[in-house]
Amino acid sequence: AISTSVELLRLLGREATLAIFTGQYRRPRLENRIVLFADLVGSTSLAERLGELGFHEFLSDVSYDLSRPIESHGGDVHRYVGDAIIVTWSTKNPKSYEHSVACAKEMPRALKNKTDDYISRYGQEARIRVALHCGPVAAGEIGTWKKEIALLGDTMNTTARIESAAREFGADVVVSDAVRELLPDEATHTLSQLADYKARGKTDQLTLWTISE
């Protein structure tokens, strides 16, 4: 029973496993969350060169190397979407904002530290773009035979737009003004403001920040 529970936890993740046992998401509920999108850079050409199985191995290595900063900063992997990872934090802990920024900063560094390994095995380094935002999401179960916890709403859509902004700005990490405003002063010193960004489908321009060393 213990072994099965551990495997279920690893397969579904902490969030979905707890939801199954507690039933807390049988009815959708509104929650405030910090949301991080991490997207692989150059995935299309990489997939063509490595082939399906080789690309799968590449993504597996990337997810493994990113698991340490995510776990060490208390993030919960919501789901994998193709070559992207969605990580969330509850805002009930005020320090989650600092933890999420620290995680966003460490994730590209974790892959950079393994550059030699990736080049040796795949002939190419691994790079990601990271977008960080926060706000209300509708969280609830979707599906019957195969259930998952879906997070829906403007916060999720805006985080995706911020990831697109990171691509246009050529930045490894982009943080929304909503996250920055909730950071303690000492945690904002490494943030540099980007030009205002007009995201597709958004009326107002987004005020965005990147992390400078």
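This is a predicted model: local features need pLDDT of at least 70, side-chain atom pairs count only at pLDDT 80 or more; totals for chains, interfaces and linings use all residues.

Student: What makes Glu31 count as buried?

Tutor: Its relative accessibility is 15%. Buried means under 20%, so Glu31 counts as buried.

Student: How far apart are Glu31 and Lys92 in sequence and in space?

Tutor: They are 61 residues apart in sequence, and their C-alpha atoms are 9.8 Å apart. For the chain as a whole, take contacts between residues at least 6 apart in sequence: 67% of them join residues at least 24 apart.

Student: How much of the chain counts as buried?

Tutor: Of its 213 residues, 44% do. The chain has seven helices and eight strands.

Student: Why are α3 and α5 called roughly antiparallel?

Tutor: Look at the angle. Helix α3 (residues 43-72) and helix α5 (residues 115-122) pack at about 165°, with axes 12 Å apart. Angles over 145 degrees count as roughly antiparallel, and therefore α3 and α5 are roughly antiparallel to each other. The crossing of α3 past α5 is right-handed.

Student: Which residues of α5 take part in that contact?

Tutor: Tyr118, Arg121 and Tyr122 of α5 meet residues of α3 that include Arg49, Phe58 and Val62. By class, the contact of α3 with α5 has five nonpolar, one polar and five charged residues.

Student: And what is the packing angle of α3 and α4?

Tutor: About 145°, with the axes 9 Å apart. This crossing is right-handed. On the α3 side the contact involves Val62, Asp65, Leu66, Pro69 and Ile70, and on the α4 side Cys103, Glu106, Met107, Ala110 and Leu111. By class, the contact of α3 with α4 has eight nonpolar, no polar and two charged residues.

Student: Which residues touch the most other members of the largest nonpolar core?

Tutor: That core has 33 residues, and Leu36, Phe58, Val62, Leu66, Met107, Ile128 and Leu132 touch the most other members. Elements that each supply at least two residues of this core include β1 (29-40), α3, α4 (96-112), α5 and β4 (128-142).

Student: What does Ile128 touch, leaving out residues up to four places away in sequence?

Tutor: Its contacts include Ala38, Leu40, Val41, Leu66, Met107 and Leu111, and also Asp39 and Asp172. There is a second, separate core of 18 residues too, with Phe37, Ala131, Ile162 and Ala171 among them.

Note on methods: Residues are numbered from 1 along each chain as its sequence is written. Side-chain values use heavy atoms; hydrogens and water are left out. Axes are lines fitted to C-alpha atoms, for helices over the stretch in contact, and angles run from 0 to 180 degrees between N-to-C directions. Helices (H or I, at least four residues) and strands (E, at least two) are DSSP runs, numbered from the N terminus. Angles under 35 degrees count as roughly parallel, over 145 as roughly antiparallel, 65 to 115 as roughly perpendicular and the rest as oblique. A crossing is left-handed if the near helix is turned anticlockwise from the far one by less than a right angle, and right-handed if clockwise. Contact means heavy atoms within 4.5 Å. Ala, Val, Leu, Ile, Met, Phe, Trp, Tyr, Cys and Pro count as nonpolar, Asp, Glu, Lys and Arg as charged, and the others, Gly among them, as polar. A nonpolar core is a set of buried Ala, Val, Leu, Ile, Met, Phe, Trp, Tyr and Cys residues joined through side-chain atoms within 4.5 Å. Buried means under 20% relative accessible area, exposed over 50%, partly exposed in between (1.4 Å probe, protein chains only).
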